[in-house]
Amino acid sequence: MRAGVVRFQRAGEGADFLQLDPAGVPVRGLTSWLVDALRAGIADGRLAAGVVLPASRALAGDLGVSRGVIVEAYQRLREEGLVSARQGAGTTVLPVRRPAGPDVSLPAGGPPPAGPGLAGPGPAGPGSAGSGSAGLGSAGLAPVTGPLPGLLPLPWRARTEIDLSPGVPDLSAFPRAAWLRAERAALAQAGAADLGYGDPRGNERLRTVLAGWLARTRGLRAAPGDIVIVTGVAQALALLGQVLRARGTIRIAVEDPGSRGARLQLAHWGLEPEPVPVDEHGLRVDALIRSGLPAAVLTPAHQFPTGVVLAPDRRRELVDWAGAGGLVIEDDYDAEHRYDRPPVPALQASAPDRIAYAGSTSKTLAPGLRLGWLIPPRWLHTDLVAAKHSSDLGSPALPQLVLAHLIASGDLERHIRLVRQRQRTRRNALFAALREHLPQARIQGVAAGLHLLVTFPDLAGQLDDEALASRIEATGVLVHPLSMHRIAPGPPGLVLGYAAHPPGQLREAAQRIATAAQPS
């Protein structure tokens, strides 16, 4: 018998496998019952990593149910990232990290600040400073003896049952087959020089196809020589922070509310983030002008976390401000994910000599790839390339070649279209469930992106969203309080990422959120 495969003795009377017995389960509830049973077996270790689940036909025969029940249950587990399926290899349980208590020494003064996200599994928003860090508490590793920063994230989904951290894409949808095809093709075509130390700006083929793709999809104006390949928007901000600080810039404008991760990244490199308010039309450009600040970081196509698009009149005002000597850093973090509105072109084409454009594959493919691009004004280009070279000599060669092939073949665009349909379904499920269970709340940012913003206009000044997020976490759901992404005080709210979970889990999360939000 092949290791990990369980054989059965009875047919239609229940299974030896996990002692599954569907007796008494309503027909309409069979799939959810089976998913819950398998998820529990994975969580408590009865189904260890590497175990191959029974073939769908065999398990259906043992349980006396339709094979479709088994297929749907396995699909849900794949969407949750608990199992994988390969042709000829069956459905296999994936490793699951389980926190085993503290195994690191904390900085002097006690543990890091409490609250969702501060030591949690999800990124802190676009350009997150900590989104690529290793997790704490990995089983089997020797304890770290020195102090660690308080913002290193735990492994994704390590703390809670349903992690609604914003910025986490659907990792189960990663196009593994297309990536493998592209990798084989890239290796077949690559010369010896392609795998050596190359141009610190990045592989020329990737920069060439990327320039065309960004022109087609985002309206950018850039030649291949203008592009610098980076390891995500986080590195783009790091390089910009170093260069601007060396040129004498000390203070920089950031959106408020806005990306907490971007603020942390800029502050780490010596810049002082100064808040500029955001309203229903985007950044208040009049406030930016009054501030006298020389540079600003924006998310104009889909503001994080409110989801608003920078209004046309404010785009013009911002371009005028930049033309008078200001620098705009445009974080185009999830522009590909839109559902109910036409595409919004990037700002960069309006003033390429005053706008530094940054994007990445973190939301379209996976953040762990660490692939991104920076298109700076040409007057900053030389300094940024020098900073990139000093930082790491250049980004990894093979992933660049693979991404170039994915773009050139059209596989990337096909993947984005497929994922967009799935995200729309998940967005709809969470939106409808929140409307049903939290009718008093206002839901924003629904037309695009990977998260929703839930606010409570009638409870301004009465509701502590950090306390609410803690109560929600106690129910097994991790969310970000809106105050986590603010500098100045403002109305309470919750930021809910929906991309990483199937509709059923999102509906369950909405019910738990509503229960926790009830007045005590």
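Rings of Phe, Tyr and Trp (its six-membered ring) are taken as a pair if their centres lie within 6.5 Å, with planes under 30 degrees apart counted as stacked, over 60 as edge-to-face and the rest as tilted. By this rule the protein has three aromatic pairs. The model is predicted, so that local features need pLDDT of at least 70 and side-chain atom pairs count only at pLDDT 80 or more, whereas totals for chains, interfaces and linings use all residues. Residues are numbered from 1 along each chain as its sequence is written, and side-chain values use heavy atoms, with hydrogens and water left out.

**View 1. The tilted pair of Phe174 and Trp179.** The ring centres of Phe174 and Trp179 lie 5.7 Å apart, with 50° between the planes. Both Phe174 and Trp179 are buried, a term that means under 20% relative accessible area (1.4 Å probe, protein chains only).

**View 2. The edge-to-face pair of Phe304 and Tyr333.** Because the planes of Phe304 and Tyr333 stand at 85°, with ring centres 6.0 Å apart, the pair is edge-to-face. The pair links distant parts of the chain, 29 residues apart: Phe304 is in the loop between strand S8 (295–298) and helix H9 (312–323), and Tyr333 is in the loop between strand S9 (327–331) and strand S10 (355–360). Helices (H or I, at least four residues) and strands (E, at least two) are DSSP runs, numbered from the N terminus.

**View 3. Burial of Phe304 and Tyr333.** Phe304 counts as buried because its relative accessibility is 2%, and Tyr333 counts as buried at 8%. Of the 520 residues of the protein, 52% count as buried.

Conventions
Buried means under 20% relative accessible area, exposed over 50%, partly exposed in between (1.4 Å probe, protein chains only).
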